[in-house]
Amino acid sequence: METSNDSMLTEFVLVGLSDHPKLQKVLFVLVLCTYVMILLGNGVLVSVVIYDVRLHTPMYFFLCNLSFLDIFYTSSSVPLILGSFLKGRKRVSFPECMVQMFFSFAMGATECVLLGMMALDRFLAICYPLRYPAIMSKGTYVPMAAGCWVAGFLDSLVQTSLAVRLPFCTKNVIHHFVCEILAVLKLACADISVNVISMAGSNLLFLAVPLSVIAISYIFIVATILRIPSTEGKQKAFSTCSAHLTVVIIFYGTLFFMYTKPKSEATAGAEYQSVIGALISLFYGVMTPMLNPLIYSLRNKDVKAAVQNMLGGKCLIKHK
């Protein structure tokens, strides 16, 4: 553990799963392959939405933002995770830790708000189909998406600024793969009540409010779909929001399970719980961004057709 002359920490140590070297080797390969799939899947989705004019709609614009967000989020954390797998205990400087924590928190907060906006978009498209083009014009959905990013970065700036001001004296071991904000706050040698209150307010604004918007939107969506007379019409309406609902369930389900799991007092139970918690956190940070493009493209005929057209156009250019 390194400290400066005034006994303030200059670095943190990321433990991860250093006590399980065999598991680390397996996870290194899996995470590396998953990261490549995240870059390819989300990269293709962003390219397709930009390339195909038919996909220049509010729904696909939000989806493009979600894919770009997933690339940005994983790129801010996965290299650190892979480094911890290779070295066992990864040493990270204090500034590097704060920067990584800032971007990870910003991406998480942005995704919460963005999923709420996507639910609102589906609500307007299904419940008010005739007025939808006028309501969700480019002058509306572009500021909505920009607002998600601004809100996420501002929230992260507040939380990270409060964390940076805390003194870190002796404890520098973070029981995590990355500099996760809650794990870092536990190491502070000062009162963190202000941070706790700020985090509670952040959770209310960026978790509870978007989740409420999503829940209310889908109540109206389901009610509207049930009033559609034809079975084909019901299936078509439901297919337009089923992918988003699946992503919401995976995202919020993993998030709530990760932060609301019960604590074990037994030593053996605590160690087992620590491993399970780390794996759940890894799933949240790596698997969810990989699943998003798969969920949105597997059952989406428009995306499939756009990919085929894009690949066909490139092949035609090469042939010429």
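Where is the place of Leu120? Select Leu120 and you will find yourself in helix H3, which covers residues 94-127. Keep in mind as you look around that this is a predicted model.

Leu120 has a relative accessibility of 31%, so Leu120 counts as partly exposed.

**Stop two: a ring pair across the chain**

Time to turn to the aromatic rings, where the count comes to 16 aromatic pairs. Select Phe12 and Phe168 to see an edge-to-face pair, with 5.5 Å from centre to centre and 85 degrees between the planes. Phe12 sits in strand S1 (residues 11-14), while Phe168 lies in the loop between helix H5 (138-164) and strand S3 (173-174). The two are 156 residues apart, and their pair links distant parts of the chain. Hide the surface here if you have it on: Phe12 is buried at 0% relative accessibility, and Phe168 is buried as well, at 2%.

**Stop three: Phe251 and Tyr252**

Move on to Phe251 and Tyr252, whose ring centres are 5.2 Å apart with the planes at 90 degrees, so this pair is edge-to-face. Phe251 is buried, with a relative accessible area of 1%, and Tyr252 counts as buried at 4%.

**Last stop: a ring cluster**

Finally, select Phe68, Phe72, Phe102, Phe103, Trp149 and Phe153, which ring pairs link into a cluster.

Key. Residues are numbered from 1 along each chain as its sequence is written. This is a predicted model: local features need pLDDT of at least 70, side-chain atom pairs count only at pLDDT 80 or more; totals for chains, interfaces and linings use all residues. Side-chain values use heavy atoms; hydrogens and water are left out. Helices (H or I, at least four residues) and strands (E, at least two) are DSSP runs, numbered from the N terminus. Buried means under 20% relative accessible area, exposed over 50%, partly exposed in between (1.4 Å probe, protein chains only). Rings of Phe, Tyr and Trp (its six-membered ring) pair if their centres lie within 6.5 Å; planes under 30 degrees apart count as stacked, over 60 as edge-to-face and the rest as tilted.
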